[in-house]
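Subject: Structure for you to look through

Hello,

Here is the structure I promised to pass on, and below it I have written down what I found. Please keep it open while you read, and take your time over the terms.

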Amino acid sequence: MAAYNAAPFISEAILSVVDQEFADFVCCIVDDGSQDGTSDIARRLTADDHRFKVIDQAHGGVSSARNLGVSQLPPTKYLSFPDADDVWHNGALRTLVEAASALGGAGAHALGDQIDAQGKPYRPGSFIEFGRGRVVSKHLRRHSVPLDRPSKFESLVHSCTVYPPGLWLVSRSVFELTGGFDNWFQNFEDWDLVIRSSRFGDFAFVNEVIVDYRAHPAQASTNSVAHKYFNSVLAKSFKSSLNTPSQRKAVLSAWRTQEWGHAVEHLRRSVKEPRVALKSAPRAGLCLFRCVAGPIKVPAPPDRAAEEATTR
């Protein structure tokens, strides 16, 4: 559990881990340079529970905090990464472990529903439907994945339906193969990891809510920043040397379907709202160009784990 200035929420997050029906776990809480007493709260709540360990690091971001936390854990079969402001349902860990064990793939993921800063329901149901919205694309059209099917690479590259990270679990051995979280990403680092993990196996999908995902201003990022990193995840996935031909084709199809959808939306807006046509029409043209060109020119870090894997 990575935590940064999470004092208002971390107590509830930790207690939701303590209260898990599946009690055979260890938990490392990494305080990422907080200045609000987060670390003190975590230590006080877990002082008498041998399953918990609290460590501190200078502020380095959520990816580095999670990677450090994993390095401090004893050998485990699976890993999960509940956020310090979210709340696990009592059966969350049991649900994920059972589903992952039954499938024998890379891991498992389920659903989350949103709460606000006070813990009250926020847009109830909308985030559940988002999580169920797994798709694959063909000929610029999206096709839904049946709810009884696992999540494969081809659907996971389409959108980040595996957020927040507390609603999924990954095999420890698969995590090690991927090289862990990529510190380059400031958003969508969890989606990047799940995509890379899915090259080594499918993720079981559980049509059940196991996390209350907290929506509050402190976690928000600008749309432009989020869009940048969303595209960078796809670019990195597309360029990876670990791709099979069908996986590379799947990423390209996801990219083109996304850009085609943006182009259509801009064109519709320029027709419905002539006052914005001077902006919307050129944007539609840019999206069409990007649809054809693919994500080759989009900035993205190298997939170092892929490079290492190809030399083994």
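Strands here are DSSP runs of E with at least two residues, helices are runs of H or I with at least four, and both are numbered from the N terminus; two strands pair if DSSP finds at least two bridges between them.

Before going on, please note that this is a predicted model, in which local features need pLDDT of at least 70 and side-chain atom pairs count only at pLDDT 80 or more, while totals for chains, interfaces and linings use all residues. Residues are numbered from 1 along each chain as its sequence is written, and side-chain values use heavy atoms, with hydrogens and water left out.

β6 also pairs with strand β9 (residues 168-171), this time in the antiparallel sense over three bridges, and Gly-107 stands opposite Val-170 in β9. Is β6 enclosed or open, and why? Nine of its nine residues are buried, so β6 is largely enclosed by the rest of the structure; buried means under 20% relative accessible area, exposed means over 50%, and partly exposed lies in between, with a 1.4 Å probe and protein chains only. Strand β10 (residues 203-214) has another antiparallel partner in strand β5 (residues 87-88), over two bridges, where Val-87 stands opposite Asp-212.

Ser-80, in strand β4 (residues 78-80), counts as buried because its relative accessibility is 18%. Its side chain reaches the backbone oxygen of Trp-168 at 2.8 Å. Leaving aside residues up to four places away in sequence, Ser-80 touches Trp-88, Leu-96, Pro-165, Gly-166, Trp-168 and Leu-169, where a contact means heavy atoms within 4.5 Å.

Rings of Phe, Tyr and Trp (its six-membered ring) pair if their centres lie within 6.5 Å, and planes under 30 degrees apart count as stacked, over 60 as edge-to-face and the rest as tilted. By this rule the count comes to 14 aromatic pairs, including the edge-to-face pair of Trp-184 and Phe-185, at 5.1 Å centre to centre with 85° between the planes. Trp-184 is partly exposed, with a relative accessible area of 33%, whereas Phe-185 is buried, at 3%.

A separate topic is the open sheet of three strands in the order β1-β2-β3, with parallel pairing. Its edge strands are β1 (2-3) and β3 (52-57), each of which pairs on one side only. Two bridges join β1 to strand β2 (residues 27-32), and in β2 the bridge partner of Ala-3 is Asp-31.

Lastly, helix α10 (residues 245-272) has 28 residues and reaches 41 Å from its first C-alpha to its last, close to the 40 Å expected at 1.5 Å a residue, the expected span being 1.5 Å times one less than the number of residues. Its buried residues, among them Leu-252 and Trp-255, pack against β7 (135-138), β8 (141-144), α6 (153-156), α9 (223-239) and α11 (277-293).

Best wishes

Conventions: Polar contact = N/O pair within 3.5 Å; in protein donor to acceptor, adjacent residues only side chain to side chain.
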